[in-house]
Amino acid sequence: MEFKITREALLEPLQLVVSVVEKRQTLAILSHVMLAVNENTLKIMGSNLEVELQADVPLLEMKQGGATTVSARKLLDICRLLPDECELRFSLKEAKVLIKTSQGQYSLATLSAEQYPNIEQSKYLGVEQVDSSNLLVLLRKTCFSMALNDVRYFLNGVCLRFANQTLTAIATNGHRLATSTINLDNNVSAVHSLILPRKAVLELMRLLDQYLGQTSLQIGENYIKVAAGCYQFVSKLIEGRFPTYKKLEDDPQSKKAFINRQEFKACLVRVAVLSDEKYRGIFCQFENNVLKLYSDNTQHERAEESLNVDYQSDPVTLCVNVDYLLDVLNALSGNSLCLTLTSTESSILFEDPEDKETTYIIMPMKL
């Protein structure tokens, strides 16, 4: 194996691929990236056995093809610290990769490319086309509601549902729920429901943030493959059935409050300073077009603020996790926020009046 490539061509795809590689692993080869050269193209692959990312990078020059693996972090550090517009010449000699530049040379230990793992791709079910920017927005609007290391393993990810001409993302940890739907350009090939693991969601978002254009989502029984330009992203899926949910219908007993999102957020941030560090609860009291926010803690400290809102129903007081509230407010972009309330123990529905396709539900804490 011998080829030449510029630092700029190598650095960005290498950074994305290395982000998939776990810092701690049980197998030495999982700390490596695979480098494979063929037809004047360098294939860089990283894997953690659950998520796999491959980038195809054009070369300046190819003298000999071949494949090997090298330490992901060491290769990235070398490439990152080299000066701009530097040319790197790679060669494989005696189980070592030699990298030569105009400043010097670096010799890296290798492992056999034949040992590098690949995610097994089972029965193919269909392929769907989604605009990358729309998919990224969809994941950003919902991913923060994923569970983290929950024993209900099917909650540790985002559920993607393809039906008719729509794609819906749903995430919940049992205490809050986020849903968002986008329209697709074409009818889906089949109705699909799949659960993308947390790590895969975060890495896919990182990839989509770097790529603009149409993405192809190939769906299998236990995997999803996303083709985005020169990148191929593969992830295992979480086996299991995602909880069914029903969009809340308007209840005749429900109470609606309309609030300026930015003002509400600013008040929450200030009042949260004195909230209990463990439970992070904030009391929200709605009455006569006024929202009173207050918090206290075990040191008997207290914060109070009032905010003018549009609320003309019976008084109601709720205790809500302030971090959950701020996540919702940060995910929304409109100026106005609509809250639908029923009682102190019932779920709270959050909506942007101008975006009916995105909803958030938070369960209040016990008073």
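Q: At the start of α6, which backbone nitrogen does a side-chain oxygen of asparagine 321 reach?
A: The oxygen comes to within 2.8 Å of the backbone nitrogen of aspartate 323. A polar contact is a pair of N or O atoms within 3.5 Å; within protein, one must be able to donate a hydrogen and the other to accept it, and residues adjacent in sequence count only if both atoms are side-chain atoms. Helices (H or I, at least four residues) and strands (E, at least two) are DSSP runs, numbered from the N terminus. This is a predicted model, in which local features need pLDDT of at least 70 and side-chain atom pairs count only at pLDDT 80 or more, while totals for chains, interfaces and linings use all residues. Residues are numbered from 1 along each chain as its sequence is written, and side-chain values use heavy atoms, with hydrogens and water left out.

Q: Where is aspartate 150, and what does its side chain reach?
A: Aspartate 150 sits in the loop between α3 (132–142) and β11 (157–163). A polar atom of its side chain lies 2.7 Å from the backbone nitrogen of arginine 152. Contact means heavy atoms within 4.5 Å; beyond four places in sequence, aspartate 150 touches Leu155, Asn156 and Asn173.

Q: Which residues of helix α6 are buried?
A: Buried means under 20% relative accessible area, exposed over 50%, partly exposed in between (1.4 Å probe, protein chains only). In α6 (residues 322–331), the buried residues include Val322, Tyr324, Leu325, Leu326, Val328 and Leu329.

Q: What does α6 lie across, and at what angle does it run to β22?
A: Axes are lines fitted to C-alpha atoms, for helices over the stretch in contact, and angles run from 0 to 180 degrees between N-to-C directions. Helix α6 lies across β19 (281–287) and β22, and runs at about 85 degrees to β22.

Q: What is the order of strands in the open sheet of four strands?
A: Two strands pair if DSSP finds at least two bridges between them. The order is β21-β20-β19-β22, with antiparallel pairing. β21 (302–308) and β22 (316–321) are at the edges with a single partner strand each, so one side of each has no neighbour in the sheet. On average, neighbouring strands of this sheet are turned by 20 degrees against each other, direction ignored. Seven antiparallel bridges join β20 (residues 290–296) to β21, and leucine 293 stands opposite glutamate 305 in β21.

Q: Which strands pair with β1?
A: β1 (residues 2–6) pairs in the antiparallel sense with β7 (residues 87–93) over five bridges, where isoleucine 5 stands opposite leucine 88. β1 also pairs in the antiparallel sense with β5 (residues 61–64) over three bridges, with lysine 4 opposite glutamate 61.

Q: How many aromatic pairs does the structure hold?
A: Rings of Phe, Tyr and Trp (its six-membered ring) pair if their centres lie within 6.5 Å; planes under 30 degrees apart count as stacked, over 60 as edge-to-face and the rest as tilted. The structure holds five such pairs. The rings of phenylalanine 3 and phenylalanine 90 have centres 4.7 Å apart and planes at 10 degrees, so this pair is stacked. Phenylalanine 3 is in β1 and phenylalanine 90 in β7, so the pair ties together parts 87 residues apart in sequence. Both phenylalanine 3 and phenylalanine 90 are buried.
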